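Hi there,

Here is the structure I promised to pass on. Have a look at it first, and then read my notes below.

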Amino acid sequence: MLEIKDVTYYYKSQKDKVILNHISYSFEKGKMYAVLGASGSGKTTLLSLLAGLDVPVEGEICMDGENIIGKGLNAHRKENISLVFQNYNLIDYLTPVENVRLGGKEDPMGLLKAMGLDETQSRRNVMQLSGGQQQRVAIARALAGNAPVLLADEPTGNLDEDTANEIIAVFAELAHKQNKCVIVVTHSKELARQADVILTLGKGSFH
Amino acid sequence: MNVFQLSIRSVLRKRTKTVLLLLIIFVVSAFLFAGWACKSASVQTQNESRQAVGVSFRLEENEANRHERMRELAGQIEDGNGTAGGYHSQQLPSGEWMTWTDNSFETLLMEDILKIAEVDGIGEYNITTANTVVNPVNFERIEDKDVDQSRDQLGVSLRGTLRMELDFDIQRGNIVVKEGRMVTPEDKNVCVISRELADLNGLKVGDTLELNHWKDRENSPVYKAEVIGIYTSVNGITPIMYGDSYRSENIIFTDLSFPEKVEGNEGSPLYQYATFVVEDVDEYEAVRKKIREVDIGWERYDFLDNTGMSDTMTENFGGLDKMSSLILILVCTSGVVIICLVFLFWLKGRVHEIGVYISLGRRKSSIVTQMLLESLLVGCVAFLLAAFASPVVSGGVVGYLVDYQTRIQAEEEQINGDMVLNGSVEKDQTEIVGVTVDIGGDVVFLSGISVLGVITIAVTFSCISVMVQRPREILSSMS
């Protein structure tokens, strides 16, 4: 479904420091992937390439067999990818309902309720919610576009253990019940244990 | 959610940012209003000064072109002796060369005068002949007995005029016709004499003057002109040459064709000036433009604003116009810079928001549009507030600038006092000029366009710094 083909990446200012070195992998629907690795191992770079936020120096990223550059990176992000960040990245002047609408769903109340937010919480300013609630809103927004791939960068990094477990459960459910491809970049071993596939990045390649 | 909905929410919910931007755009808008109102006010002031004195244009011979024509005609005469186009050249027995021109060379061309007179917006017009010295046959001239008259022509000066009421000495108030009437286009063989000349000779309206050529006092034909008016000197007529033949009291106004007859050049007049009165002073510039489009040989002429004071006023308030242009440039430039800086500052705080939008697949152009729309929404409110405040702000700015210009003008007048011929007229004009600031539709329109331009340039320019970054760089700077 989402493939990385012989991808190499390095910063043009530091050509001798290769971050990703000719790696290839194919991500499939219905599975939850955990990408582990030390800081600076290239986890976030990999996520950026998969999301179409950056382009590889060599190789290509393909969605359903088609290079994402050919379709357009904006279109790829809009139609194929949902992103969830560690710091939630909600728009601070919008309510949860309005934030989720940005994802493309006109009537998001059902989605927010499914994420555990009631009507009142969904109508107040998003900054008045707790961290866990904000992350739920962020996930709801990611799901609103019904994209087949969900990419998450340290989604539980700012959450307490109970809330983190709830969020991990949501991700697992998305992969297994809604047949999405969930790729989570994390340091959390707890989260990694819940994943179907664990990929460890180091020295520019998967181990 | 579309761009407009997002913009509205951002403006309404980020109140501190909105109020600050509102204040900045309000100040910029108010000064732009003042700048445009100032330009409008300066035009009104020019018109008012013209309204006070009336506006006319004067056509006269261009001296440089006269010399050019003389050179050309001289080149057309073979071996130097002969005549071409009113230019004459003759070698004297002594071997020296004598050259001269006749009226046909020197005169303004009647066909050119008539073409200009037919221009829309021109009311009446006047033609004035060159001063023609003639011999007084049946009367005495005013003469200074203590001055040696051996080098004088011992005559009086005739000034032929089509409409005496438009003569520049009448217009400037140098002389006033208090008895009888002035010369009109229908008159033939008439004259208006000075009070001094009338008193010396016991002349009154209805009497007849007899005049002939000053070079042949005995044999040249005598021409008669009926006295139809007597003028009184207020400031006197400035003599064009030294000698009693040209003194103010000896100048006799006649109908247009009389001087050429006495001079022995009937059918070959010497028109020195033509004056054209603009019917509606508000149409001054338009009429001037139309006249310039008339198909005549303009290189032959100088075309002047006949009211010397109007020229001065125009120059001074042209200075006001320049100052208002300077204000506009300064306000626009500083407005762009200030709004740019404010936006650059805000964009640092909005990188997070931009990153989120990019991760959601929004195009950068759509994000810039949202920023621009937000500014324009705030700009609309600020502009409306500025429109309400503009009469006060503009009035203050324009008042200050006019006072400044008036002071400059007064200083210039003081410096050039001795060079001004007509102090009284000048003072009257200065007093009449008033300034009103009219915030009309054109001022609102121009100010609106200016504000729109300033905001668009500022927002676009300030957004460049973020928008040239790659999405990943923006997202990296979020954390």
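**Where the two chains meet**

In this predicted model, 24 residues of chain B are in contact with 24 residues of chain A. On the chain B side, B:Met1, B:Leu360 and B:Arg472 lose the most area to chain A, and together they make up 33% of what that side buries. The area buried between chain B and chain A comes to about 2100 Å², and carbon and sulfur atoms give 55% of that area.

What about charges across the interface? The rule finds 3 salt bridges between chain B and chain A.

Which helices of chain B each supply at least two residues of the side that touches chain A? They are helix H1 (3–13), helix H10 (308–359), helix H11 (364–416) and helix H14 (471–478). The largest share of that side, 7 residues, comes from H10(B). Sorted by class, the side of chain B that touches chain A has 10 charged, 9 nonpolar and 5 polar residues.

Let's start with B:Arg58, which sits in strand S1 (residues 56–61). Is B:Arg58 buried or exposed? Its relative accessibility is 15%, so B:Arg58 counts as buried, the cut-off being under 20%. The side chain of B:Arg58 has a partner in the side chain of B:Glu60, with a polar contact at 3.0 Å.

The other one is B:Asn135, found in strand S6 (residues 132–136) of chain B. B:Asn135 has a relative accessible area of 8%, and therefore it is buried too. Which residues does B:Asn135 touch, leaving aside those up to four places away in sequence? The neighbours are B:Leu154, B:Glu210, B:Leu211, B:Asn212, B:His213, B:Trp214 and B:Arg217. With B:Arg217 there is also a polar contact between the two side chains, at 2.4 Å.

I hope this helps you find your way around the model. Happy browsing!

Best wishes

Note on methods
Residues numbered from 1 in each chain as written. Chains lettered and ligands numbered in written order. Predicted model: local features only at pLDDT ≥ 70, side-chain atom pairs only at ≥ 80, totals over all residues. Heavy atoms only, no water. Contact = heavy atoms within 4.5 Å. Buried area = accessible area lost by both parts, 1.4 Å probe. Salt bridge = Lys/Arg side-chain N within 4 Å of Asp/Glu carboxyl O. Helix = DSSP H or I, 4+ residues; strand = E, 2+ residues; numbered from the N terminus. Nonpolar A, V, L, I, M, F, W, Y, C, P; charged D, E, K, R; others polar. Buried < 20%, exposed > 50% of the residue type's maximum accessible area, 1.4 Å probe, protein only. Polar contact = N/O pair within 3.5 Å; in protein donor to acceptor, adjacent residues only side chain to side chain.
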